[in-house]
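Colleague: I have a chain here that I would like to talk through. Can you bring it up?
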Amino acid sequence: MLSFPTEITVSKSKVPIFAIALLAIIFAVGLFVVGYDQGHIFSIV
């Protein structure tokens, strides 16, 4: 009887928290700039 070696490889890719926070900040600033340019930021007040 032949025995084959079994090897299980588990790869986890974890995105760093600071990368998600940085992208969220860039998104928020971009949204503010576009809203300010289109005049929608201060139209609520």
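Colleague: How many residues has helix 1, and how far does it reach?
Modeller: This is a predicted model. In it, helix 1 has 22 residues and reaches 32 Å from its first C-alpha to its last. That is close to the 32 Å expected at 1.5 Å a residue.

Colleague: How many helices and strands are in the protein chain?
Modeller: The protein chain has 1 helix and 0 strands.

Colleague: And what follows helix 1?
Modeller: Gly39 does, and its phi is positive, near 85°.

Colleague: Change of topic. Why do you say that helix 1 lies largely in the open?
Modeller: Because of its 22 residues, the number buried is 1. Buried here means under 20% relative accessible area. For the protein chain, buried residues make up 2% of the 45 residues.

Colleague: What about the surface of the protein chain, how much of it belongs to carbon and sulfur atoms?
Modeller: Carbon and sulfur atoms account for 72% of an accessible surface of about 4,900 Å².

Colleague: Which residues form the nonpolar patch on the surface?
Modeller: Ile25, Val29, Phe32, Val33, Tyr36 and Phe42. Together they have about 650 Å² of accessible area.

Colleague: Take Tyr36. Buried or exposed?
Modeller: Tyr36 is exposed, because its relative accessible area is 51% and the cut-off for exposed is over 50%. Tyr36 lies in helix 1, which covers residues 17-38.

Colleague: And Asp37, where is that?
Modeller: Asp37 is also placed in helix 1. Asp37 is exposed, with a relative accessible area of 61%.

Colleague: What does the side chain of Asp37 contact?
Modeller: The side chain of Gln38, through a polar contact of 3.5 Å.

Conventions: Residues numbered from 1 in each chain as written. Predicted model: local features only at pLDDT ≥ 70, side-chain atom pairs only at ≥ 80, totals over all residues. Heavy atoms only, no water. Patch = residues over 30% accessible without salt bridge, like charges linked within 9 Å, V, L, I, M, F, W, Y side chains within 5 Å. Areas by Shrake-Rupley, 256 points an atom, 1.4 Å probe, with all protein chains shown as cover. Salt bridge = Lys/Arg side-chain N within 4 Å of Asp/Glu carboxyl O. Helix = DSSP H or I, 4+ residues; strand = E, 2+ residues; numbered from the N terminus. Buried < 20%, exposed > 50% of the residue type's maximum accessible area, 1.4 Å probe, protein only. Polar contact = N/O pair within 3.5 Å; in protein donor to acceptor, adjacent residues only side chain to side chain. Expected span 1.5 Å × (residues − 1).
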